[in-house]
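Student: I am new to this structure and would like to understand the terms used to describe it. Could we go through them one at a time?

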Amino acid sequence: MPEFLAELLSQNDIFTASTIMEYWGGLVTTVQLVFLSLVLGLVLAVPLAILRTSKNPLINAPVWFYTYIFRGTPLLIQLYIIYYGLAQIEGIQQTFWWEIFRGAFYPALLAFTLNTAAYTTEIIRGAIVATPSGEIEAAKAYGMSWALRMRRIILPSAARRAVQAYSNEVIFMLHASAIASVVTLVDLTGAARNIYSRFYAPFDAFIFVALIYMALTFMLVFAFRKLENYLLQHQRPVSG
Amino acid sequence: MKKLIVAASVALSMMAGVAQAQERDLRIAFDVPYAPFEYKDDDGELTGFEVELAEAMCEEMNANCEFVIQAWDGMIPGLLARKFDLIMSSMSITPERAERVLFSEPYYNTPGGWFAREGFDTDVTDMDAMEGKTVGVQRGTTMDTHVTEEMGGIVNIKRYTTADDMVLDLEGQRLDVVFVDYPVGEQTILSKEGFKEVGEPVKLGQGVGVAMRKRDEDLAEEVNAALATLKEDGTYDAIMEKYFAYDIKM
């Protein structure tokens, strides 16, 4: 197998050791960026979704406004505003914030996190609202407090309903991360663009990253199928 | 009388048709704005050094030219897909490009220039001093190749699609210094307050040529002949002097 690979590599000018390393660096950046933004986004989204279901408009409305803004504008524009906009703030270069936002990674992470948190908030909110009223009444009848009801009944039940929609959000986020390369970040797409511009071989450079993105997507799909099987175990018929 | 007019106009249009048939149709691609080589003036007309040179070349070749605007990323693919026949958009001759397209003799060469904000005092040729600095280049240019080969691993290289985005990051202090085609830096960076040129301009590469499809060898011969005539008869110099205070002729 390595011999076959070595032979394959020797037959072309593009996939040399150095370009493979560039793709590898891009893969690491993409995975870091997507993973961190999804984790942070989910951590933000759960409390925001609970606030969003509040009947008090003072609690509900700010969260609604946030999700409305971030779902109502393209991610690319959000990235441009955060990346170029932050640099335009007077005097930011003298503060410690600049250490964080000078590079391209953290502005991109911020944009992606806020974006995915907005979508995830609405996904979880929808699942919470759809909780059967009987489950809540039963919990109340047991004398559960609001917090205990949320933790034991509503959120686990909502998680089961949200998981399929959320798996789509995760895959969309992976694909949306391709735009990180417009702010000089060398993610998978950025690596492909660099290699394309060096060798003028768009097909080879881009088909290769397309395959990597596909492989990543298949891994995500597989992981979510396992998760769904686990969460929705009780719905499967008992096998004879 | 009426018949005569009709006959005359038919004859005229036939003559015009014959004349046109002898001219060849050529489509030439430019990526704008890339001042002062190709850009749109205040009236929206395409102009610039290469545009005027292309006009003179078409006249010399007795060709009927149409100018096409094409973004840089799609230049070579567009040429190969026959969307146009010639690229005259400051495309530097490199071995990698020469594998895909056929280049004419070079018709100009400009150096790369280093530009930074006022207060940048580092010597750009001193690798120890440059260590850890962030350098901006346009992706895939000869400046990119130069910095990647000479300073890769020493400086942080940030690659941009357009010069505008790069200048924005130089202003925002994300970049310490940029290395860009000299006339472009002169036009877009030095024209602003608080920026300066650092170090010496660096001569790079084999110059800029007209790019054509590999199979169009006859066309390349015609282009070379026309460019040689323009360089000799003073037309080239006259156009160059309109746009540049220094010599870029090759």
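Tutor: Let us begin with patches, which are made of residues with over 30% relative accessible area and no salt bridge, where like charges are joined within 9 Å and nonpolar side chains (Val, Leu, Ile, Met, Phe, Trp, Tyr) within 5 Å. A salt bridge is a side-chain nitrogen of Lys or Arg within 4 Å of a carboxyl oxygen of Asp or Glu, and accessible areas come from the Shrake-Rupley method with a 1.4 Å probe, with only the protein chains shown counting as cover for residues. This is a predicted model, in which local features need pLDDT of at least 70 and side-chain atom pairs count only at pLDDT 80 or more, while totals for chains, interfaces and linings use all residues. Residues are numbered from 1 along each chain as its sequence is written, chains are lettered from A and ligands numbered from 1 in the order in which they are written, and side-chain values use heavy atoms, leaving out hydrogens and water.

Student: Which residues form a nonpolar patch on the surface?

Tutor: The patch consists of Val31(A), Phe35(A), Leu36(A), Val39(A), Leu40(A) and Val43(A), which together have about 520 Å² of accessible area.

Student: Why is Val31(A) called partly exposed?

Tutor: Buried means under 20% relative accessible area and exposed means over 50%, with partly exposed in between (1.4 Å probe, protein chains only). Val31(A) has 40%, and therefore counts as partly exposed. Val31(A) lies in helix α2 (residues 17–52) of chain A, where a helix is a DSSP run of H or I with at least four residues, a strand is a run of E with at least two, and both are numbered from the N terminus.

Student: What makes Thr229(B) partly exposed?

Tutor: The relative accessible area of Thr229(B) is 30%, so this residue is partly exposed. Thr229(B) belongs to helix α9 (residues 217–232) of chain B, and its C-alpha atom is separated by 8.2 Å from that of Glu60(B), 169 residues apart along the chain.

Student: How do you know that strand β8 of chain B is mostly covered?

Tutor: In β8(B) (residues 134–138), five of five residues are buried. Thr134(B), Gly136(B) and Gln138(B) are buried on one side, and Val135(B) and Val137(B) on the other.

Student: In what sense do β8(B) and β9 of chain B pair?

Tutor: Two strands pair if DSSP finds at least two bridges between them. β8(B) and strand β9 (residues 156–160) of chain B have five bridges, in the parallel sense, and Val137(B) has Arg159(B) as its bridge partner in β9(B).
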